[in-house]
Amino acid sequence: MKFLRNIFDNAHAKLNKSEKTKKLFPLVDSVDTLMFTPNHTTTGGAHIRDGIDLKRTMMFVILALIPCLLFGMYNVGLQHDLANSTVEWSGVDQFLYGLMKVLPFIVVSYAAGLGVEFIFAIKNGHAVQEGYLVSGMLIPLIMPIDTPLWMVAVSVVFAVVIGKEVFGGTGMNILNVALTARAFLFFAHPTSMSGNNVWISGFKELKGSGNLVDGVSGATPLGDLASFTQDQPAYSSLNEFIDKGHSFVEAMWGLYPGSIGESSVFPIMLGAIFLLITGIASWRVMTSFFVGGLVMALIMNQFAGENAYMQLPAIHQLMYGGFLFGMVFMITDPVTAAQTSKGKYFYGFLAGFLGILIRVVNPAYPEGIMLAILIANVFAPLIDHMVISTNIKRRLKRVKTA
Amino acid sequence: MSEVAVKEKEPLFSKKNKKLITDPLNDTNPVTIQVLGICSALAVTVKMDAALVMSMAVLAVLIAGNVIVSLMRNLIPGKIRIIVQLVVVAALVIIVDQVLKAFVYDVSKQLSVFVGLIITNCIIMGRLEAFALANKPWASALDGLGNGIGYGIILVVVAFFKELFGSGTLLGYEIFGNATDMTGLYAMGYENNGMMLLPPSSLVLVAIYIWIQKSRNPSLQEGH
């Protein structure tokens, strides 16, 4: 530790020698504070200090993401193994394959995102803000595994610059950065972000070389469900869909194709419990988001009729796609969420409600949760404004009658 | 904007007249600073040629409209001036529309309703109201020229990026190779950016333009 400390102290001293290198101070300082507790103390006045600062918060969220990440790596390998007729792997091999596939995503995401952050930090003369640490981990987890890396880089740059830096950097953004990156890719390169060909690693090559196991369609459960609303559904009825590998329990395990970290319920729940116990995620947003989705799914059940998609039991519906991942890691982003306690209920409910609506009613967007959360992000300030102004009105009334 | 009438004869390109052309290109740009005529800037910028033709059309209508209204400025009764301006602009737009249909039919098809909608372009009514009604024809013509070019610059810059990244071409020439034959960059896995074909991407590009423009010239930034 002493050795590391000396390196940083030396670097600081060297940089301070000339005006030109002083500009690089933020760069060294950020790496420094990542490893050591910052030694600035508050001057003047009494302040309540808490051990948890932005960096610790971010680190906690990353810890909460680790189960999803590990599961995602395993699932990537498993899905490739299941689809590839030429290999027969053990669980460890599957995990290692997934590791090799997912790691580049994480590296590219952090390199591109932190690169942009460093440029802005040096230009604006402040230390690099830690906001990107979590986004950089979230972005790989919400991408299909076959997304080309350059697309990931472009979307990250777009999301960090247009989604965050133009508004003033960490803590000032209106939209969730990770979802901005995904939405950008979704509209810019729809063929790489939706359809049946992108969810299993190397699916297109397997298809081309004829090594694909018979009957593997590459579709996500939501893709199959959405096909019920089209001319040629993947399954003849909902019961067939459920019988052939999509029972409720199987939906919980989540061993099916999907974005890297989103498919299984258990690792997401581990993350959720961790975030709730440490108090980092708001339980208000989480529960209201869940209730919102549940209500919409129940409404859909009532109007199901012949439509097999809408017949899917409400709770079962919520296990699929990005709903739970969005509930735990996206909608709870404290920067873009509503700030008032009451507002948080409205905010979460709105997002969950719209998410299921978009997903079920518009088969072109099987992943409606992303769009719904972005819409809710935009509405958050309005919700806060309404909550605050009704409170003011209520209290004014009390003053007048008194 | 209304300038005081000048008594003595001034040269055609006096300092003041030059400013009439150069100011709208940057510091009082009709699109990025006055935020006028945004709708057409969003809609017709998918291809460079459409954007160029649209800019020329607006430029022509703006100069001619400014001169005509300026010539009639002492005859127009204040109460009905908007109607008079509309008639002038409408006539000009019809002429432009017919010319486009006659000579560049394909582009005119692409621009479709937006040529006709030049009449509702706020830049034109704005310049007629703010400048032509109070200034002599020559100054008005220069003002029209400046604002028309200012509008055109934005259109062309936005269209440049939208066509380059959305279709991989510039004015129809393939820059990145052919997407269907998978040549050039496409062979290396590059794909066109579909969002650049959608109107909302123009908003992002115009916003970036404004960002760069205002950070280069802090006097344009609004206070908080």
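**Where chains A and B meet**

Q: How many residues of chain A are in contact with how many of chain B?
A: Keep in mind that this is a predicted model, where local features need pLDDT of at least 70, side-chain atom pairs count only at pLDDT 80 or more, and totals for chains, interfaces and linings use all residues. Residues are numbered from 1 along each chain as its sequence is written, chains are lettered from A and ligands numbered from 1 in the order written, and side-chain values use heavy atoms, with hydrogens and water left out. Contact means heavy atoms within 4.5 Å. On that rule, chain A brings 13 residues and chain B brings 10.

Q: How many salt bridges does the rule find across the interface of chain A and chain B?
A: We're looking for a side-chain nitrogen of Lys or Arg within 4 Å of a carboxyl oxygen of Asp or Glu. Across this interface, the count is zero.

Q: Which helix supplies the largest share of the side of chain A that touches chain B?
A: Helices here are DSSP runs (H or I, at least four residues), numbered from the N terminus. α7 (149-164), α8 (177-188) and α9 (190-193) of chain A each give at least two residues to that side. With five residues, the largest share belongs to α7(A).

Q: Which helix supplies the largest share of the lining of the largest pocket?
A: That lining has 34 residues, and Ile162(A), Phe167(A), Leu203(B), Val204(B) and Ala207(B) lie nearest the pocket's centre. Helices α7, α8 and α20 (368-401) of chain A and α9 (200-216) of chain B each supply at least two lining residues. The largest share, 10 residues, comes from α9(B).

How values were computed:
On a 1 Å grid over the protein atoms alone, a cavity is a set of points where a 1.4 Å probe fits but cannot get out, and a pocket is an open set with protein on both sides within 12 Å along at least five of seven lines; lining residues have an atom within 4 Å of a point.
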